[in-house]
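Biologist: I have not seen this structure before. Please show it to me, and let us then go through its parts in turn.

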Amino acid sequence: MDISKGTQPVMPTPEQSPPEADDARWMREALRLAEAARDADEVPVGCIIVHDGRAIARAHNQRETLRDPTAHAEMIAITQAAEALDSWRLEGCTLYVTLEPCAMCAGAMVQARLERLVYGAADPKAGAVASVFRLLAEPRLNHCVGTTGGVLAELCGAILTAFFQAKRGKD
């Protein structure tokens, strides 16, 4: 579902596909990173940042590993992408993440001037894109980020549900 505010759709030429055509492909890559997080006993969230059709950053949650409350997949990937582009401005970049970003990560996306966010599962308790807050479309901020949510949402949600059920000792 497209929840962006005030963005114009990209009209592809007949020989091009729209940017959304690759969303499922890149989300599958982010899901592989979420699996790596799960295997490291981290909350299974994966993230990939794409610029000009190629991945420039890949990360998964590492809060437990690094003992760092800011070590969310998105934050790590944003830092990697800025290094890859040699700029803090991530103009022309799309960030794919398996879970709707929190307020910290959404704020970082605004600060980085990210062009587009694509996320999988909604986060009804902490989501800052559509569920609890709408930071990326807030007109009072200096930048708005185009957003598409719900890409492979069932798969993205299932890995999280299974992880927390296992943590709580449920079947």
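Biologist: How many helices and strands are in the chain?
Modeller: This is a predicted model. Along the sequence, the elements of the chain follow the pattern α-β-β-α-α-β-α-β-β-α. In total the chain has 5 helices and 5 strands.

Biologist: In which sense do β4 and β5 pair, parallel or antiparallel?
Modeller: In general, strands of a sheet pair through backbone hydrogen bonds, in either a parallel or an antiparallel sense. Here L117 stands opposite T147 in β5. Strand β4 comprises residues 116-121, and over 3 bridges its pairing with β5 is parallel.

Biologist: How are α1 and α5 oriented to each other, roughly parallel or roughly antiparallel?
Modeller: Helix α1 (residues 23-39) and helix α5 (residues 153-167) pack with their axes 10 Å apart and at an angle of about 5°. Because angles under 35 degrees count as roughly parallel, α1 is described in relation to α5 as roughly parallel.

Biologist: Which residues make the contact of α1 with α5, and how many of them are nonpolar?
Modeller: From α1 the contact takes M27, L31, A34, E35 and R38, and from α5 it takes L155, C156, I159 and F163. By class there are 2 charged residues and no polar ones, while the number of nonpolar residues is 7.

Biologist: How are α3 and α4 oriented to each other, roughly parallel or roughly antiparallel?
Modeller: Helix α3 (residues 73-85) and helix α4 (residues 103-111) have axes 9 Å apart and pack at an angle of about 20°. The crossing of α3 past α4 is left-handed. Since the cut-off for this class is under 35 degrees, α3 and α4 are roughly parallel.

Biologist: How many residues of the contact of α3 with α4 are charged?
Modeller: In this contact, E74, M75 and I78 of α3 meet M104, C105, A108 and M109 of α4. The residues divide into 6 nonpolar and no polar, and the number of charged residues is 1.

Biologist: Against which elements do the buried residues of α4 pack?
Modeller: The buried residues in α4 are C105, A106, A108, M109 and V110. Just after α4, R113 takes a positive phi of about 60°. The buried residues of the helix pack against α3, β3 and β4.

Biologist: What share of the 171 residues of the chain counts as buried?
Modeller: Among contacts with a separation of 6 or more, 59% are between residues 24 or more positions apart. Over the chain, the share of residues that count as buried is 44%.

Definitions and conventions. Residues are numbered from 1 along each chain as its sequence is written. This is a predicted model: local features need pLDDT of at least 70, side-chain atom pairs count only at pLDDT 80 or more; totals for chains, interfaces and linings use all residues. Side-chain values use heavy atoms; hydrogens and water are left out. Axes are lines fitted to C-alpha atoms, for helices over the stretch in contact, and angles run from 0 to 180 degrees between N-to-C directions. Helices (H or I, at least four residues) and strands (E, at least two) are DSSP runs, numbered from the N terminus. Angles under 35 degrees count as roughly parallel, over 145 as roughly antiparallel, 65 to 115 as roughly perpendicular and the rest as oblique. Contact means heavy atoms within 4.5 Å. Ala, Val, Leu, Ile, Met, Phe, Trp, Tyr, Cys and Pro count as nonpolar, Asp, Glu, Lys and Arg as charged, and the others, Gly among them, as polar. A crossing is left-handed if the near helix is turned anticlockwise from the far one by less than a right angle, and right-handed if clockwise. Two strands pair if DSSP finds at least two bridges between them. Buried means under 20% relative accessible area, exposed over 50%, partly exposed in between (1.4 Å probe, protein chains only).
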